Amino acid sequence: MAEALTKSAARNVFYGGSFFFFAIFVGLTAHSHYYMNTSSTDTSTLSASVARGKHVWEKNACINCHSILGEGAYFAPELGNLWDRWGGKEDTAAAREMLKAWMAAQPSGTPGRRQMPQFNLTDQEVNDLADFLEWTSRIKTQNWPPNKAG
Ligand code: HEC
């Protein structure tokens, strides 16, 4: 009677299976990168100030309290859709002023409210941050977050 599964057949199944799924993984990774660059983000408006704003975001570790497009901490509101929430799509200038005023007014000191630290950002840094948040709000996230509050 023939062996149901020889050692070499088992090895081939192992290597073949591993290679097959690894190839699928590489393909999906490549597709994600292609999709990010061609569909979900607008590289033509990715200016130097947007990149600087991302740097301000990272240097000050805003993500330690906030999430952005779902990534980060859940102590403070989601900011990936801040621009949408603050009406920046209709009136960019007003949303920029709001961000400036917000950053200057922290911590609010209101009893019972969670507090955000004062970062003492320069006007330039707040402007770059606004560019970053505005650009981020245009990323096609396939409807994430599911509601406006994030
Ligand atoms: C220590 C935690 C913490 C860090 C770090 C932090 N925040 Fe906040 N942030 C908060 C909290 C808490 C609130 C909500 C405060 C409230 O509603 O009174 C908030 C609210 C905000 C809001 C208003 C959101 C809304 O929907 O009304 C903005 C904008 C904001 N933060 C920007 C930033 C930026 C930019 C950084 C980094 C430079 C940052 N935050 C870092 C805690 C933090």
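Which residues does Leu-129 touch, not counting residues up to four places away in sequence? Leu-129 touches Gly-53, Val-56, Trp-57 and Leu-99, contact being defined by C-beta atoms, placed from the backbone, within 7 Å. This is a predicted model, in which local features need pLDDT of at least 70 and side-chain atom pairs count only at pLDDT 80 or more, while totals for chains, interfaces and linings use all residues. Residues are numbered from 1 along each chain as its sequence is written.

**Overall form**
- The protein has 5 helices and 2 strands, taken as DSSP runs (helices H or I, at least four residues; strands E, at least two) numbered from the N terminus.
- The radius of gyration of the protein, over C-alpha atoms, is 23 Å, whereas a compact globule of 150 residues would have one near 15 Å (rule: 2.2 Å times the number of residues to the power 0.38).
- The C-alpha trace spans about 80 × 40 × 30 Å along its principal axes.

**Domains**
- The domain assignment, which is automatic or from a database, gives domain 1 (7-40) and domain 2 (43-150).
- The C-alpha centres of domain 1 and domain 2 lie 36 Å apart.

**Nonpolar core**
- The largest nonpolar core has 14 residues, of which Leu-99, Leu-129, Ala-130, Phe-132 and Leu-133 touch the most other members.
- Such a core is a set of buried Ala, Val, Leu, Ile, Met, Phe, Trp, Tyr and Cys residues joined through C-beta atoms within 7 Å, where buried denotes 20 or more other C-beta atoms within 10 Å of a residue's own.
- Helix H2 (48-59), H3, H4 and helix H5 (123-137) each give two or more residues to this core, and H5 gives the most, with 6 residues.

Note on methods: A residue is buried if 20 or more other C-beta atoms lie within 10 Å of its own, exposed if 12 or fewer, and partly exposed in between; C-beta atoms are placed from the backbone. Two residues are in contact if their C-beta atoms, placed from the backbone, lie within 7 Å.
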